[in-house]
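User: I am new to reading protein structures. Can you walk me through one, feature by feature?

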Amino acid sequence: MSAFPLGPALNLSDELVQETPYKFLQKLAHYQVSGKLTIQNPFDEYVHWQVYLGNGKIHAANSKVGSSERLDYLLGHCLVEKQIQLPTHLMDDYEYICKLWKNEVFSFQQTRSILTQCTQEALVQILSLPTSNCYLESKGRLEQLFLNLDFEQLLSQIKPKIRYWWQLRSEINSPFQRPLVEDWQKLQLALAKATWNNKHQLQQLNRALKDLNSLYKIGNATKISTLQLALLLHPLIKAGDISMLSYQEIQEDHRPSIAYIGDRPANQRMAKFTLENSDLKITIIDTPFKALAVLLSQKFDLVLIDTNMVDMDGYQLCSLCRQSDSLKNLPIILLTDENNLTCRIKAKLSGASSYLGKPFLPQELVKVINTHLTNSQNVTRSPKLRD
């Protein structure tokens, strides 16, 4: 007799299921399912984990959020050796590691080893969760495959860590959480009783806690595993001497910040939808008279100006921006109603970095924005990779 009811297993794709991730993954492995499984942390709606499967085998597991700090924690020493600085906002750690392999930063075997480590750590977090929202996409596949891991064999290697995290879940729901010390005196007493006597490590721990870092960042700074940190801090958290902040409460938004200046609601909605779906942060400024004050008081990476506005045309506004020392080098793209020689001349005379004539496709706008964002970066935040 099958270990699982056959009926439900045939209808798992592309629907939300509430299930214990351990049981659900076991079921998917048993029925040799393929696709991408997304699991939401039931304690924090902003933390999601992903597992890629092929015929019931595990191809990879990672997180949807905080990829940079998690990867820095897992591969810190290796990244330092290779003189690699991770992008501040890393969208997909698997894709990034594959890119390093393609550019011969890592060998095939090194890449397999790195991805195995990342997958095991993610699965420890996933399989120690209680009943969660699980969503399986049948079309979710990876372009590059390095791993084809058996679920049960993988489970046997990480079971002890899963048990520990399961016991800690009521106080610490993920390594993305940030400890907030309420009683520093009690913390110092606890640290004095710790099993290590590394003075530098203790200094790093104190500094990392004062900066409200996540357990992943603290682990990277101190070279102490997140599990060891969780076990050390757990009694203090349980006693109320340390509070654990959720990922959402102190989540930093590292997306490029774009200001859109235009007074037509339809264009505002188009810009907002296009940019947010391209992982860009947008601020809508609906009148040109507000624009200068907002641009001077807030920091933006790029400005979009609709040239056709009632109170002041975009060319005039762009010229005014260029008269300010703090805005003269800021990328400004004009969105014009026409695409002709007159528009090009007016855009150049106004000091615009570029212009885009309507109608244009959303991907054209995103391409122009990304080109100017890349050109305006003075410091390279990732390794130089060959295309």
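Analyst: Let's start with cysteines. This is a predicted model. The structure holds zero disulfides.

User: What is a disulfide, in general?

Analyst: A disulfide is a covalent bond between the sulfur atoms of two cysteines. To count here, the two sulfur atoms must lie within 2.5 Å. Take C343. The closest cysteine sulfur to that of C343 belongs to C318, and it is 13 Å away, so the gap is too far for a bond.

User: Is C343 buried or exposed?

Analyst: Buried means under 20% relative accessible area. C343 has 8%, so C343 is buried. C134 has 0% relative accessibility, so C134 counts as buried too.

User: How big is the chain, and how many of its residues are buried?

Analyst: Its C-alpha atoms fill a box of roughly 75 × 55 × 40 Å along the principal axes. The chain has 387 residues, and 50% of them count as buried. Its accessible surface comes to about 20300 Å². Carbon and sulfur atoms hold 49% of that surface.

User: How many helices and strands does the chain have?

Analyst: There are 15 helices and 12 strands. Contacts tell you how the chain folds back on itself. Take those between residues at least 6 apart in sequence: 68% of them join residues at least 24 apart.

User: Which strand pairs with strand 10, and over how many bridges?

Analyst: One partner is strand 11 (residues 332-336), which pairs with strand 10 (residues 302-306) over four bridges, in the parallel sense. Look for D306: it stands opposite L335 in strand 11.

User: What is the idea behind a nonpolar core?

Analyst: In soluble globular proteins, nonpolar side chains tend to be buried together. Here the largest nonpolar core has 76 residues. L25, L37, V51, I58, L123 and L127 touch the most other members. Helix 5 (residues 108-127) gives the most to this core, with eight residues. A second, separate core has 23 residues, including A259, I285, V303 and M312.

User: What does V51 touch, leaving aside its neighbours within four places in sequence?

Analyst: Its contacts include L25, L37, I58 and L123. Others among them are G35, K36, I39, A60, A61 and I126.

User: Let's finish with one glycine. Where does G219 lie, and what does it contact beyond its neighbours within four places in sequence?

Analyst: G219 lies in helix 9 (residues 215-222). With those neighbours within four places left aside, G219 is in contact with Y73, I224 and L229. G219 has 3% relative accessibility, so it counts as buried. Now compare sequence and space. G219 and R112 are 107 residues apart along the chain, and their C-alpha atoms are separated by 23 Å.

Methods
Residues numbered from 1 in each chain as written. Predicted model: local features only at pLDDT ≥ 70, side-chain atom pairs only at ≥ 80, totals over all residues. Heavy atoms only, no water. Buried < 20%, exposed > 50% of the residue type's maximum accessible area, 1.4 Å probe, protein only. Pairing = 2+ DSSP bridges. Helix = DSSP H or I, 4+ residues; strand = E, 2+ residues; numbered from the N terminus. Contact = heavy atoms within 4.5 Å. Areas by Shrake-Rupley, 256 points an atom, 1.4 Å probe, with all protein chains shown as cover. Core = buried A, V, L, I, M, F, W, Y, C linked by side-chain atoms within 4.5 Å.
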